[in-house]
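Hi,

Here is the structure I promised to pass on.

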Amino acid sequence: MTVRVEREKDSGVAVVTLDREPRHNAIDLRTAAELAATWREFRHDPDVRAVVLTGAGTAAFCTGIDRSTEVAQPASPYSVDDPLLTVGPKANDLWKPVVAAVNGMACGGAFYLLGEAEFIVSSTTATFFDPHTTYGMVSAYEAVYMAQRMPFGEVARMSLMGTAERLSARRAHEIGLVSELAEPGEVVEAALRSARTLAGFPTEGVQGTVRALWSAKRAALAQALDQAPALIALGNLPAERQAELFASRRPGTEFRLR
């Protein structure tokens, strides 16, 4: 299993952990399928009333799609298979509240998950960045999700600056991406405090409130996401050029933390 689920029976909270620490909790096809199955299972489990989502270890919450993953694509230019489209709770019709607990790096495809959490609790040492443009790729889904949670100038800067900059947890908190900061090693417990409170309220009212909050932005979000496949097809470099850019990465390359 690459997704670990632990249930607190007394509190009604489930902790979902991306459990691929050696790969910085990057998502492969198996992980994507397990995440989707987990969210859908929670829909039918009355003992789960709130969820904490986190990543194993302290180096990374999630670094998006595993670059070693090969995704077969249909021949039609009008169809694209993106395994990350179904990794989030809302994509699987789950309206129980999800609190994200972020340690270490959260980048790229991690924003599919963070974009569908109700709010984010972050370690003070966490960082947020979007590497797409550095490697000749369009940040489409990631940018759209973050545009729902961050001021336009901030998400534009993060999406465009690629690996040259990382958003610090402090700055993420200042701009509202992160709702609470916790010391390293305490971030999951901080998220659990909120989740336990939510799980203690009548779940019908909580789920209705989650649905109401999402309905406020769902139409604009869906419209923007509909444009993503075409923008990616137009703007992405060919796969072999992307691979060259990834291969030229230098470990320890300096970046600006802001």
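Val16 has Leu53 of strand 3 as its bridge partner. That pair belongs to strand 2 (residues 13-18) and strand 3 (residues 50-55), which run parallel and are joined by 6 bridges. Strands here are DSSP runs (E, at least two residues), and helices are too (H or I, at least four), numbered from the N terminus; two strands pair if DSSP finds at least two bridges between them.

Before you read on: this is a predicted model, where local features need pLDDT of at least 70, side-chain atom pairs count only at pLDDT 80 or more, and totals for chains, interfaces and linings use all residues. Residues are numbered from 1 along each chain as its sequence is written, and side-chain values use heavy atoms, with hydrogens and water left out.

Back to the sheet: it is open, with 6 strands in the order 1-2-3-5-7-10 and mixed pairing. Strand 1 (3-8) and strand 10 (180-182) are its edges, each pairing on one side only.

Helix 1 (residues 29-43) lies across strands 1, 2, 3 and 5 (98-102 for strand 5), with contact meaning heavy atoms within 4.5 Å. Its direction is at about 25 degrees to strand 1 (axes are lines fitted to C-alpha atoms, for helices over the stretch in contact; angles run from 0 to 180 degrees between N-to-C directions).

Then there's strand 9 (residues 165-168), covered on both faces: Glu165 and Leu167 on one side, Arg166 and Ser168 on the other, are all buried (under 20% relative accessible area, 1.4 Å probe, protein chains only). Strand 9 runs antiparallel to strand 8 (residues 127-129), with 2 bridges, and Thr127 stands opposite Ser168.

Cheers

Technical notes:
Buried < 20%, exposed > 50% of the residue type's maximum accessible area, 1.4 Å probe, protein only.
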